[in-house]
6 protein chains.
Amino acid sequence: MARKDGRQLDELRDVTIERGWSQQAEGSALISFGATKVLCTASVMPTVPRWMAGKGKGWVTAEYAMLPRSTNERMDRESVRGKVGGRTHEISRLIGRSLRAGVDMRALGELSIAVDCDVLQADGGTRTAAITGAYVALADAIRWAQAEGRVPKSATPLIDSVAAVSVGMIDGEPMLDLAYVEDVRAGTDMNVVATGRGLLIEVQGTAEGAPFDRAELDGMLDLALAGTARLTELQREALGA
Amino acid sequence: MARKDGRQLDELRDVTIERGWSQQAEGSALISFGATKVLCTASVMPTVPRWMAGKGKGWVTAEYAMLPRSTNERMDRESVRGKVGGRTHEISRLIGRSLRAGVDMRALGELSIAVDCDVLQADGGTRTAAITGAYVALADAIRWAQAEGRVPKSATPLIDSVAAVSVGMIDGEPMLDLAYVEDVRAGTDMNVVATGRGLLIEVQGTAEGAPFDRAELDGMLDLALAGTARLTELQREALGA
Amino acid sequence: MARKDGRQLDELRDVTIERGWSQQAEGSALISFGATKVLCTASVMPTVPRWMAGKGKGWVTAEYAMLPRSTNERMDRESVRGKVGGRTHEISRLIGRSLRAGVDMRALGELSIAVDCDVLQADGGTRTAAITGAYVALADAIRWAQAEGRVPKSATPLIDSVAAVSVGMIDGEPMLDLAYVEDVRAGTDMNVVATGRGLLIEVQGTAEGAPFDRAELDGMLDLALAGTARLTELQREALGA
Amino acid sequence: MARKDGRQLDELRDVTIERGWSQQAEGSALISFGATKVLCTASVMPTVPRWMAGKGKGWVTAEYAMLPRSTNERMDRESVRGKVGGRTHEISRLIGRSLRAGVDMRALGELSIAVDCDVLQADGGTRTAAITGAYVALADAIRWAQAEGRVPKSATPLIDSVAAVSVGMIDGEPMLDLAYVEDVRAGTDMNVVATGRGLLIEVQGTAEGAPFDRAELDGMLDLALAGTARLTELQREALGA
Amino acid sequence: MARKDGRQLDELRDVTIERGWSQQAEGSALISFGATKVLCTASVMPTVPRWMAGKGKGWVTAEYAMLPRSTNERMDRESVRGKVGGRTHEISRLIGRSLRAGVDMRALGELSIAVDCDVLQADGGTRTAAITGAYVALADAIRWAQAEGRVPKSATPLIDSVAAVSVGMIDGEPMLDLAYVEDVRAGTDMNVVATGRGLLIEVQGTAEGAPFDRAELDGMLDLALAGTARLTELQREALGA
Amino acid sequence: MARKDGRQLDELRDVTIERGWSQQAEGSALISFGATKVLCTASVMPTVPRWMAGKGKGWVTAEYAMLPRSTNERMDRESVRGKVGGRTHEISRLIGRSLRAGVDMRALGELSIAVDCDVLQADGGTRTAAITGAYVALADAIRWAQAEGRVPKSATPLIDSVAAVSVGMIDGEPMLDLAYVEDVRAGTDMNVVATGRGLLIEVQGTAEGAPFDRAELDGMLDLALAGTARLTELQREALGA
């Protein structure tokens with residue numbers, strides 16, 4: 001079965017990771033999943049949130065946002081509307097949770113890292129591109145912190161790498177890494193976040209149309225784990241590891 | 001392995017559904033999962049959101065909130081803080097999506113139903129209790145609308161029932177319907193929303209501690225689907241069906 | 001003259017006080033004035049507002065809110081609208097002032113008690129039911145604080161009990177404890193807060209229709225003080241005093 | 001018993017009403033109660049709130065605010081804090097209700113009048129000065145509307161005049177029109193709004209310290225009604241009636 | 001060429017400065033530029049913003065606002081709309097910057113002065129009237145602080161006086177101090193803030209219609225500096241210097 | 001006198017304009033002034049603001065924002081803080097006014113164009129880079145609208161091009177196009193917006209340190225107009241005109 005852009009069912013779009021895009025941030029990456037482009041910057045800050053202070057542990061947070069004309073029709077800015085929408089909140093929380101699963105907070109020590117993921121252009125899969133790029137920015141920020149002596153050079157704050165990809169059921173077939181035109185047609189939409197070792201961090205499957213059964217769920221999980229394995233390789237190349 | 005409250009690993013807490021609790025709402029249920037108590041009210045409104053108008057289809061939304069002292073420590077009211085938090089938004093969206101999966105919007109016709117889920121007392125599993133109770137309130141509101149002639153008596157707006165339950169991995173064991181003391185210890189926390197026929201509407205699994213593997217995911221899904229099957233029976237009893 | 005629900009002009013609706021409804025809060029009561037139901041919870045907190053710190057005195061505040069479908073038509077949530085409305089503010093302030101009139105802040109010592117009054121179902125008189133139930137929750141929270149040693153057992157923080165009732169002029173007659181259908185017909189609406197000893201804490205009379213004269217004011221005050229005396233008895237019974 | 005500024009217990013402060021202060025508004029008055037100065041402007045607008053449209057009736061609203069340095073210590077602006085405080089809301093609602101009691105909405109016809117009361121300098125009694133001045137601005141705006149043909153010249157929208165004054169119990173004595181230094185010492189603080197014919201529109205008595213008894217309430221009401229009668233005369237003089 | 005109100009092209013409107021209008025503020029002035037009236041109050045506060053603390057330097061801020069009916073048509077209050085508009089922010093920032101240019105922050109020492117400029121009536125030039133009046137209020141507040149010993153009597157915190165005026169191009173002619181009817185017709189609108197010694201603090205010229213050339217800019221600057229020189233004299237008279 | 005980056009006093013930084021960067025927007029440009037990078041997108045929308053409807057004229061607006069880590073230290077997002085800051089408002093308004101000076105609204109016809117300027121990396125001069133890039137995006141959006149028949153092909157909506165540059169006084173010397181390290185040292189900071197024909201649209205000069213005299217103002221204007229002339233050439237090249 002042919003996809004609109006000629007890909008196989010189990011094929012990722014072209015993925016590029018421009019590491020070190022920003023000359024301001026301690027870590028950064030401009031990541032593309034096809035036409036989807038997300039600028040990820042990681043900022044190292046010397047303090048942790050108040051409720052964590054004095055425990056000798058670090059913290060990692062994330063914020064996701066879309067530029068108003070990253071999409072096909074211009075959206076109002078959330079700053080102008082005076083509040084952050086539900087979808088934005090939800091994705092920011094997902095990215096933060098996912099990144100934290102890859103970090104040993106005790107090894108990081110008492111500092112925090114804020115990773116900003118700003119979608120410059122959107123064509124489906126912005127949250128999974130954001131997670132995958134955010135990990136690269138985070139890894140570089142931790143290297144910076146170790147080079148600067150903010151984190152002991154002997155510490156190993158990164159336990160495992162983190163990557164994410166979307167899968168969906170379209171016309172009864174599971175497909176990997178949905179572009180926007182596919183996403184709107186998908187009966188089920190699932191995002192999977194996995195570690196470099198292939199363990200699961202987050203599984204979020206939603207029936208947008210008809211509910212799905214266990215067999216469909218299994219098919220989608222197989223595709224997704226193959227996808228995150230490939231993204232893990234691309235992250236390693238980008239980080240020169 | 002014994003649980004703190006003496007339950008088996010695959011055992012729900014005591015679940016009670018007090019249908020018709022409110023004399024104001026078109027449908028309502030006060031649901032308890034153990035000490036967790038959620039008041040669900042469904043309001044039938046004659047209009048749909050502007051972006052849906054004129055399509056001859058209905059709409060179902062949900063809002064979730066916690067009373068400030070439903071929890072062990074008092075939380076600030078979101079109305080006083082001037083904004084709805086990320087977690088609240090996320091759960092409201094989840095409940096709405098879940099309920100919509102059980103409804104044929106064309107059969108409902110151009111009206112909307114808002115289901116409010118207010119947590120009066122919280123002891124873990126508030127979102128899954130809310131979904132399970134919200135379905136009962138929704139079903140009654142649809143009966144009311146058919147009795148009143150707002151929806152044709154010949155129509156069948158309810159495609160399938162909807163119920164939800166939490167599962168988690170604790171000390172390497174999957175457990176069903178976590179109470180708060182279990183929830184905070186769980187390495188993985190998963191919420192599963194399923195239909196009365198046993199199909200999946202939503203699967204949300206999150207590694208709070210260590211990532212999980214496919215086998216653990218399968219174990220949790222087995223427990224969850226047995227739990228939602230039992231909740232479906234209790235919904236039927238409550239609805240006198 | 002007969003009232004719609006068969007009561008005498010000077011008769012309260014059925015009043016029930018379910019003390020200790022919440023297993024989370026230090027004090028709580030679910031109070032009903034007929035179909036009006038208000039859940040009152042009192043939370044003891046170890047600090048006072050900044051402007052009071054270091055004076056050796058305590059503080060009592062209250063917040064009032066209505067569930068969106070406590071009323072006959074669904075109201076938007078104040079959290080979703082992003083601000084607390086004028087009426088809500090006004091009633092929260094009234095409840096707080098009324099409760100503070102019954103408490104010796106010096107005897108309480110430097111801690112604060114927040115009383116939340118959430119209207120689960122509204123049928124007129126929600127603010128007066130809230131004050132009457134809030135006093136029971138407050139009294140229990142103070143007992144808890146004394147039992148826990150947070151307040152000296154020898155102290156007497158409660159000076160007097162506090163109860164409230166509404167009265168109104170309908171068709172030239174003063175009536176006690178207005179239900180919603182009466183409230184909307186009342187030319188004058190008055191709320192009276194009084195102590196267990198029969199002294200006045202707050203008198204708020206408002207001409208909704210024609211202005212009222214001194215004689216009418218006197219007639220309403222007589223009814224109200226008889227009503228608060230009866231509510232005081234019911235509070236004592238609920239508190240087992 | 002002498003008051004700090006030499007007044008008798010039943011004596012108002014110097015009251016001046018500068019009618020027509022604004023050259024922009026349809027009606028206006030700068031009113032002083034001693035050092036308390038409130039600028040009241042009435043704006044005639046051709047529409048009514050949506051919920052009133054098409055009923056052939058008018059509407060009157062009011063907004064009260066204090067300049068940040070009208071008080072002895074500078075307060076933050078409510079616009080900068082991003083929300084209107086509870087006290088401000090409460091007073092705005094009180095002024096609006098009081099003015100509406102003096103107006104026949106059907107005679108006014110389908111237009112609305114917004115009365116803004118901005119406290120330029122505060123020394124106690126700002127809400128009562130605001131109501132008393134607002135009536136003068138409102139009366140002039142209605143004259144303007146009749147002169148302009150917006151309201152029929154044969155109509156009589158003003159039923160009665162409206163004035164307000166504060167009273168309080170200080171050291172066991174009832175006193176009229178409290179200045180700020182008296183207000184902070186008062187055990188009970190009461191605001192009374194009355195019509196030119198001596199009927200009551202609003203009675204709001206609050207025990208700030210010890211609760212009060214019926215005899216004290218009666219003493220305060222006597223003083224207040226004498227005060228509003230004197231303010232009614234001053235309003236008539238200002239309006240040249 | 002005659003102006004609508006008979007003024008010469010280079011003539012200011014009648015300017016009056018009522019120094020010490022407020023009995024609450026440490027410094028105040030009610031300034032009129034024709035029908036434009038702005039109440040300026042300066043509040044001395046013992047602390048500086050957190051980011052300035054411990055540097056031994058003071059700070060001066062300003063806030064500008066318009067009463068809702070200062071204009072020909074009533075505007076919504078910014079407090080009610082829940083946010084400060086762009087124009088208000090911009091003018092508040094301009095006034096603050098302008099005043100700070102006249103103050104030696106080191107000589108002031110670690111305290112701050114907040115100057116509030118509230119427009120009671122608007123007829124063009126409100127921001128320039130505000131700056132000119134704010135300087136008088138500020139100067140008086142500094143005298144007060146020196147008299148009270150909050151600022152050493154030997155210090156000289158005021159380096160130079162500050163005044164402002166508008167100019168514009170109307171029908172090809174530069175005109176000084178535009179009234180509202182002129183302002184709306186002006187092709188270019190410029191505000192100039194200058195010191196008593198004739199140096200420039202701020203030049204803001206905006207083409208509302210056709211862009212302007214260097215010669216027109218020069219003509220407007222000549223008029224403006226003559227205008228601020230005259231305003232400087234009036235400030236000196238008001239301050240009795 | 002040498003500048004830190006080796007430039008002459010009257011020399012611009014390297015300026016690049018990547019036209020058509022976005023595949024979503026009707027017009028777009030990624031502009032760099034040295035390390036300052038601003039993404040400008042222009043969105044054509046079929047309606048005008050309500051207050052302009054039915055006049056047969058178009059409208060152009062702009063919104064400016066900075067990514068949280070575009071700067072050397074991470075800033076909080078304005079969406080998260082719940083409001084747009086004063087500086088952001090001010091610059092958005094400046095960009096909008098500047099662009100409108102180049103457009104014949106009647107020739108545009110009844111549609112609006114929103115230009116978003118998002119600073120991806122900031123090193124001084126973000127508002128002037130934004131205006132210069134926004135013009136390119138706007139010009140392309142208008143070409144698109146003419147190609148699509150939304151604006152008549154015979155119409156000439158663009159009257160003149162618009163470019164902007166900063167100048168400042170540093171150590172007594174006027175300098176063109178300040179980088180961030182220069183900006184913080186400048187005694188005076190001026191932004192000049194000019195047309196392709198060399199006329200002035202906006203002049204905003206602010207004394208950050210010592211006030212400036214007329215001769216300094218003239219020197220800065222000379223530099224600025226030479227700078228905008230050079231930017232006009234670069235815009236023409238980018239637009240292939």
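1. The model is a predicted one, in which local features need pLDDT of at least 70 and side-chain atom pairs count only at pLDDT 80 or more, while totals for chains, interfaces and linings use all residues. Residues are numbered from 1 along each chain as its sequence is written, chains are lettered from A and ligands numbered from 1 in the order in which they are written, and side-chain values use heavy atoms, with hydrogens and water left out.

2. Chain F and chain A meet through 35 residues from chain F and 35 residues from chain A, where contact means heavy atoms within 4.5 Å. Between them they bury about 2900 Å², of which 49% lies on carbon and sulfur atoms; buried area is the accessible area (1.4 Å probe) that two parts lose on being put together, summed over both.

3. Across this interface of chain F and chain A there are 12 salt bridges, each a side-chain nitrogen of Lys or Arg within 4 Å of a carboxyl oxygen of Asp or Glu. A salt bridge joins the side chains of A:Arg77 and F:Glu63, at 2.8 Å from N to O.

4. On the side of chain F that touches chain A, at least two residues each come from strand 3 (36-45), strand 4 (59-66), helix 1 (78-81) and strand 5 (112-121) of chain F; helices (H or I, at least four residues) and strands (E, at least two) are DSSP runs, numbered from the N terminus. Strand 5 of chain F gives the largest share, six residues.

5. In chain C, five strands make an open sheet in the order 1-2-3-5-4, with mixed pairing, and two strands pair if DSSP finds at least two bridges between them. Strand 1 (15-19) and strand 4 (59-66) of chain C are at the edges with a single partner strand each, so one side of each has no neighbour in the sheet. Strand 2 (residues 27-33) and strand 3 (residues 36-45) of chain C run antiparallel and are joined by seven bridges, and C:Leu30 stands opposite C:Leu39 in strand 3 of chain C.

6. Helix 4 (residues 126-147) of chain C lies across strand 1, strand 2, strand 3, strand 4 and strand 5 of chain C, at about 35° to strand 3 of chain C; axes are lines fitted to C-alpha atoms, for helices over the stretch in contact, and angles run from 0 to 180 degrees between N-to-C directions.

7. Chain E also has an open sheet of five strands, in the order 1-2-3-5-4 with mixed pairing. Here E:Ala29 stands opposite E:Cys40 in strand 3 of chain E.
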